[in-house]
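Please examine the structure shown below together with its sequence. A short briefing for a first reading accompanies it.

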Amino acid sequence: MDYSVTTNEFMLLAAKEPVNILDLRDPEFIDSFDLLTGSNVTRISLTQLPNRLHQLDKEKTYYLFTQFGGRSKTMTQFLRSKGFQVTNVIGGMTAYERYLAS
């Protein structure tokens with residue numbers, strides 16, 4: 001099963017209620033995610049994630065972001081296999097920035 005949403009679908013969800021975002025980008029790519037006021041952003045580098053699973057709550061749904069969205073799709077499958085509720089945001093931060101610019 002594909003657990004993914006488009007940027008547009010993600011923005012519609014985020015407009016209705018605060019969402020939990022899992023930002024998996026490496027520190028050199030991290031910029032501000034403050035545009036989603038009220039949302040909870042957890043930043044864990046993709047390479048550190050397997051050792052930091054204890055920081056995530058299995059009762060919450062997380063929307064995963066990487067820079068381009070490819071690695072977050074893989075991590076969605078990994079985290080789901082560990083019992084987490086996660087959804088990949090297709091296209092990652094690049095698609096998100098394009099959405100905001102349009």
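Predicted model: local features only at pLDDT ≥ 70, side-chain atom pairs only at ≥ 80, totals over all residues.

Residues are numbered from 1 along each chain as its sequence is written, and side-chain values use heavy atoms, leaving out hydrogens and water.

**Overall fold**

- The protein has three helices and five strands, taken as DSSP runs (helices: H or I, at least four residues; strands: E, at least two) numbered from the N terminus.
- Along the sequence, these elements follow the pattern β-α-β-β-β-α-β-α.
- Of the 102 residues, 43% count as buried; buried means under 20% relative accessible area, exposed over 50%, and partly exposed in between (1.4 Å probe, protein chains only).
- Among contacts (heavy atoms within 4.5 Å) with a separation of 6 or more, 60% join residues 24 or more positions apart.

**Helix α2**

- Helix α2 spans residues 70-81, with 12 residues, and reaches 18 Å from its first C-alpha to its last, close to the expected 16 Å; the expected span is 1.5 Å times one less than the number of residues.
- Its buried residues are Ser72, Met75, Thr76 and Leu79.
- Viewed down the axis of α2, these buried residues fall within an arc of 115°, so they line one face of the helix; the arc is that of the directions from the helix axis to the C-beta atoms.
- The face of α2 turned away from the buried side carries the exposed residues Gly70, Gln77 and Ser81.
- Cover for the buried residues of α2 includes β2 (20-23), β4 (61-65) and β5 (85-89).
- Glycine 83, with a positive phi near 95°, follows α2.

- Leucine 79 touches Leu22, Leu49, Leu53, Leu56, Leu64, Phe84 and Val86, not counting residues up to four places away in sequence.

**Threonine 42**

- Threonine 42 lies in strand β3 (residues 40-43) and is buried, with a relative accessible area of 19%.
- Threonine 42 touches Ile21, Leu22, Asp23, Leu56 and Tyr62, not counting residues up to four places away in sequence.
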